[in-house]
Amino acid sequence: MGKNILIVGASSGIGAALASQLNDGTNHLYLASRTESDVTGPNIKYQKIDVLEDFQLELPEQLDAVVYCPGSINLKPFHRLNEEDFLTDFKVNHLGAVKVIQQALKALKKSENASIVLFSTVAVQTGLTFHSSVASAKGAIEGLGKALAAELAPSIRVNVIAPSLTDTPLAERLLSSEDKKKANADRHPLKSIGTAEDMANTARFLLGDDSRWMTGQVISVDGGMGSLR
Ligand SMILES: NC(=O)c1ccc[n+]([C@@H]2O[C@H](COP(=O)([O-])OP(=O)(O)OC[C@H]3O[C@@H](n4cnc5c(N)ncnc54)[C@H](OP(=O)(O)O)[C@@H]3O)[C@@H](O)[C@H]2O)c1
């Protein structure tokens, strides 16, 4: 049976790949971002929001899933990061998710098996240079995911995906030449970079009933980067 699913950030990258996978004629998708998604159809409702500003989501009575995709890759040496960098990264990666989940909670509680999926990064569990701002914000997302998984059980499951470098518009600057692509692929034990579909596959699993006994997890989808030498 189809589900009512809210994806914040489905106009690009992982969120767009997930929206296309879920756009199967049975699910009803509520997509929200600053620009409209290319994923369209009779079961899709788009709303324009900017999570850095005030917004009010229009949601159905019952919601079965929420996926929060907005994020940043603001890589700089620590001494060049200012308060504004840390605050903006925190707002887009973490506070936006807080505001979305708070607005969605009533509708999620009406579902039999509701699921929330959030995005972290490999750089929380594995120290990487120039990642201090984004790793701080994503560390907060992992904490939020665990705390909410405890607080919202048994009615709502909450899990976090921690990707390594994935070929999306967000990572464009890091993958802007064949040399950069190869060097980045070689840093991973599986010798490739991730695709939006790799991440969407995991998100789709976490939204569905096949993961009904999983909550409070941070799942690495990272070509082995976070756990192998
Ligand atoms: N790509 C990677 O290498 C990588 C690695 C580790 C973690 N991640 C995480 O994975 C998640 C998805 O990343 P992605 O690579 O798919 O990114 P992406 O291609 O930049 O897509 C992000 C989506 O979020 C929306 N968004 C961004 N800022 C927003 C705002 N202020 N208000 C509303 N919507 C906003 C964007 O739409 P609009 O611009 O239209 O608003 C877009 O639909 C992020 O949390 C990211 O941190 C990605």
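How many salt bridges does the structure hold? The structure holds five of them, where a salt bridge is a side-chain nitrogen of Lys or Arg within 4 Å of a carboxyl oxygen of Asp or Glu.

## About the model

This is a predicted model, in which local features need pLDDT of at least 70 and side-chain atom pairs count only at pLDDT 80 or more, while totals for chains, interfaces and linings use all residues. Residues are numbered from 1 along each chain as its sequence is written, and side-chain values use heavy atoms, with hydrogens and water left out.

Helices (H or I, at least four residues) and strands (E, at least two) are DSSP runs, numbered from the N terminus. Buried means under 20% relative accessible area, exposed means over 50%, and partly exposed lies in between (1.4 Å probe, protein chains only).

Side chains of opposite charge can pair when their charged atoms come close. One of the salt bridges brings together the side chains of aspartate 209 and lysine 3, at 3.2 Å from N to O. This pair links distant parts of the chain, 206 residues apart: aspartate 209 sits in the loop between helix H5 (196-207) and strand E9 (218-221), and lysine 3 in the segment before strand E1 (4-8). Aspartate 209 is partly exposed, at 47% relative accessible area, whereas lysine 3 is buried, at 17%.

Another salt bridge joins glutamate 178 and lysine 181, with 3.9 Å from N to O. Both residues lie in helix H4 (residues 178-186), three residues apart, or about one turn of the helix. Here glutamate 178 is exposed, with a relative accessible area of 60%, and lysine 181 is partly exposed, at 29%. Aspartate 85 and lysine 76 form a salt bridge too, their closest N and O atoms being 3.3 Å apart; aspartate 85 is buried, with 13% relative accessibility.

## One face of helix H5

Helix H5 has twelve residues and reaches 16 Å from its first C-alpha to its last. That is close to the 16 Å expected at 1.5 Å a residue, the expected span being 1.5 Å times one less than the number of residues.

Which residues of H5 are buried? They are Ala196, Met199, Ala200, Thr202, Ala203, Leu206 and Leu207. Seen down the axis of H5, these buried residues fall within an arc of 160°, so they line one face of the helix; the arc is that of the directions from the helix axis to the C-beta atoms.

## Backbone details in the loops

A cis peptide bond, with omega about 0°, joins alanine 153 and proline 154. Proline 154 is found in the loop between helix H3 (132-152) and strand E6 (156-163).

Phenylalanine 130, in the loop between strand E5 (114-119) and H3, has a positive phi near 70° although it is not glycine; phenylalanine 130 is partly exposed, at 47% relative accessible area. Lysine 191, also not a glycine, has a positive phi of about 55° and lies in the loop between H4 and strand E8 (194-195).

## An aromatic pair

Rings of Phe, Tyr and Trp (its six-membered ring) pair if their centres lie within 6.5 Å; planes under 30 degrees apart count as stacked, over 60 as edge-to-face and the rest as tilted. By this rule the count is one aromatic pair. The rings of phenylalanine 78 and phenylalanine 86 have centres 6.4 Å apart and planes at 80°, so the pair is edge-to-face. Phenylalanine 78 is exposed, at 59% relative accessibility, and phenylalanine 86 is partly exposed, at 25%.
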